[in-house]
Amino acid sequence: MNPLWSNIFRKKSEEDSLAYFLKTVPLFSDLKGRDFHYLESLVHTRHYDAGEIVFEEGDPGSGMYVIRNGGVKIFTRSEKREEELAILGAGDFFGETTLTAPASRAASARTLESTELIGLFRADLLELAQKYPATANRILLGVTRIVSERLQAAGQEIRRLRQAQDAAIASSSFDTEM
Amino acid sequence: MQSFSRTQYLLLFIALTAAIATGLAIFTSVSATITMVQMATSGLVLPLILALIVTFVLDPAVKFIERETISRTLSIFLVYALITLVLFIAVTWLFPPWRHMWASLEYDLPRYTAGFFTFIRDLEAGLQQRLPFLSAYDLTAMIRPMAEGIVAEILVQTPRSALRIGSLLILVPLFSFFFLRDGDRIMRALISLVPNRYFEMAHDLSFLVSRQMSTFIRGRIIEALIIGLVVTIGLSFTDIRYAPLLGAFAGVMNLIPYIGPLIGMVPGILIALIDLGVGPQFWWIVTVYILIAQVIVDNFILIPILISRVSNLHPLIVILAIIMGGRLYGVLGMIIGVPVASIIKIALLEIGQYRRAFSLPDSISEPERPG
């Protein structure tokens, strides 16, 4: 075939792979074949250079980002020093807690290298909830599942820390009593 | 003086001339481009604004029909077909009486102005009897050319504006079809141009602003419809003619705050005064206009339900918007000017509120919500 025509009639392999990529994200594991078609038209693909700020601590948060390729550093600033919280790579996502509840960002995010992020925002999700409630439902179920898992993990961590603190206080008071 | 030789002067002269020539060339080309752009877009702003308003009004209906099995394009066509059907039925049902009404109005309009003049003359005579020093002023002679000019203008302008409305009738549905179908995609494309750092904020703001705007526009349109209906029904209890026309006029004028309702009731009260005289029917008409339509229905029922007081404009801004709208697009511009000003105010308010909501130090809620 003539390369010109094959170029014109070539299927958009990029978009195909976007749906394919979204299928690999655990957040969207509940979705079915047709849902990805809607999801694809819903998300925003953004390209970032290395070292670019995605959002700063205290910014109004309205959605989550999935890393398609590249890397992102999550950190907080305390007295001008950056405290690293996490380094995320392709397939990871962040900011999912502000997807359903409006809140300020609790940490900052900066790209480590040239990065492609896929943004999913509350406004689009609300639109989807009106048009295709079933799809929105499955996305929200996935988000809820992930958030609950993290909440449980955080609760366990708090309990563990508190026990450790109690033990430390007990041992220190034991020390002072001695 | 030695430091500047003749050649240096010459060079300076040439450089300055070149600079001035370049400046002039840039200026003329820019102004030519601007006039070209102005000419190209001259008739388009009004249909575009109207199409946006129609889009905001029809969007809920389109969304209501749209399903997984019914595509958006199909649902827009369904809504259009429904509106065409309703309009067709309304026209075939109402056209014969309306045409009759229009023909008799053309005959009646000079009669009403004549009646208005006799009313003014009587008023003048009464005033001059009581206040003799006023006889120096010839009130009738002052008002007559003005009112006659207005009536002549209406009679001349009606066919001309009908032509303009005809072109609007083609352009507005066409534009709003594409806005309805691709509005989301157009907005996405526009927002995707925003730099990364501000993208999320711009995306969120555009959503909030368009939501506020659509509730506002829908509210105003529904308000105007209900006021028109209330006035029509209220007037049809009396012997007054042109009740539907007066109701429609009052409804449309109700889109303009403060001044609109007053202008909306002028023709009705005038016609009542001339045709029916001051009597129980006349007072009923005044009651319908002021007490029922404006105070009870509009102020007590519609405005609290449909429109938040936040979008209230300062009277000065209302007057400025009416004058500027009138300058730009005539009578339609006067009607649209104030809602456009309100929309701009809503957008600014929403942006301000957004910034305030998130610049507050919420140290209590933050640790509970790790992002």
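**Close-up views of a predicted two-chain model**

Of the 371 residues in chain B, 32% count as buried (buried means under 20% relative accessible area, exposed over 50%, and partly exposed in between, with a 1.4 Å probe and protein chains only). This is a predicted model, in which local features need pLDDT of at least 70 and side-chain atom pairs count only at pLDDT 80 or more, while totals for chains, interfaces and linings use all residues. Residues are numbered from 1 along each chain as its sequence is written, chains are lettered from A and ligands numbered from 1 in the order in which they are written, and side-chain values use heavy atoms, with hydrogens and water left out.

**View 1. Chain B has nine helices and zero strands.** Helices (H or I, at least four residues) and strands (E, at least two) are DSSP runs, numbered from the N terminus. For contacts in chain B with a separation of 6 or more, 70% come from residues 24 or more positions apart; contact means heavy atoms within 4.5 Å.

**View 2. Chain A and chain B bury about 2900 Å² between them.** Buried area is the accessible area (1.4 Å probe) that two parts lose on being put together, summed over both. Carbon and sulfur atoms account for 47% of it. R46(A), P60(A) and K131(A) supply 23% of the area that chain A buries against chain B, more than any other three residues. The contact takes 38 residues from chain A and 26 residues from chain B.

**View 3. Four salt bridges are counted between chain A and chain B.** A salt bridge is a side-chain nitrogen of Lys or Arg within 4 Å of a carboxyl oxygen of Asp or Glu. One of them joins R105(A) to E200(B), at 2.7 Å from N to O. In a salt bridge between K131(A) and D184(B), the closest N and O atoms are 3.9 Å apart. K131(A) lies in helix α4 of chain A and D184(B) in helix α4 (residues 139-191) of chain B, so this pair joins two chains. D184(B) is partly exposed, at 39% relative accessibility.

**View 4. A salt bridge links E116(A) and R68(A) inside chain A.** Their closest N and O atoms are 3.2 Å apart. E116(A) is in strand β10 and R68(A) in strand β4 of chain A, so the pair ties together parts that are 48 residues apart in sequence. Both E116(A) and R68(A) are buried.

**View 5. E56(A), K73(A), R77(A), E82(A) and R110(A) form a network of salt bridges.** Within this group, the side chains of R77(A) and E82(A) meet at 3.5 Å, N to O. R77(A) is partly exposed, with a relative accessible area of 38%. E82(A) is also partly exposed, at 29% relative accessibility.

**View 6. The largest nonpolar core has 26 residues.** A nonpolar core is a set of buried Ala, Val, Leu, Ile, Met, Phe, Trp, Tyr and Cys residues joined through side-chain atoms within 4.5 Å. The residues with the most contacts inside this core are L27(A), F28(A), L39(A), L120(A), L128(A) and I139(A). Helices α2 (13-24), α3, α4 and α5 (133-177) and strands β4 and β10 (115-121) of chain A each supply at least two of its residues. Leaving out residues up to four places away in sequence, L39(A) touches L22(A), F28(A), L31(A), L120(A) and I139(A). A second, separate core of 23 residues includes V231(B), L235(B), L245(B) and L246(B).
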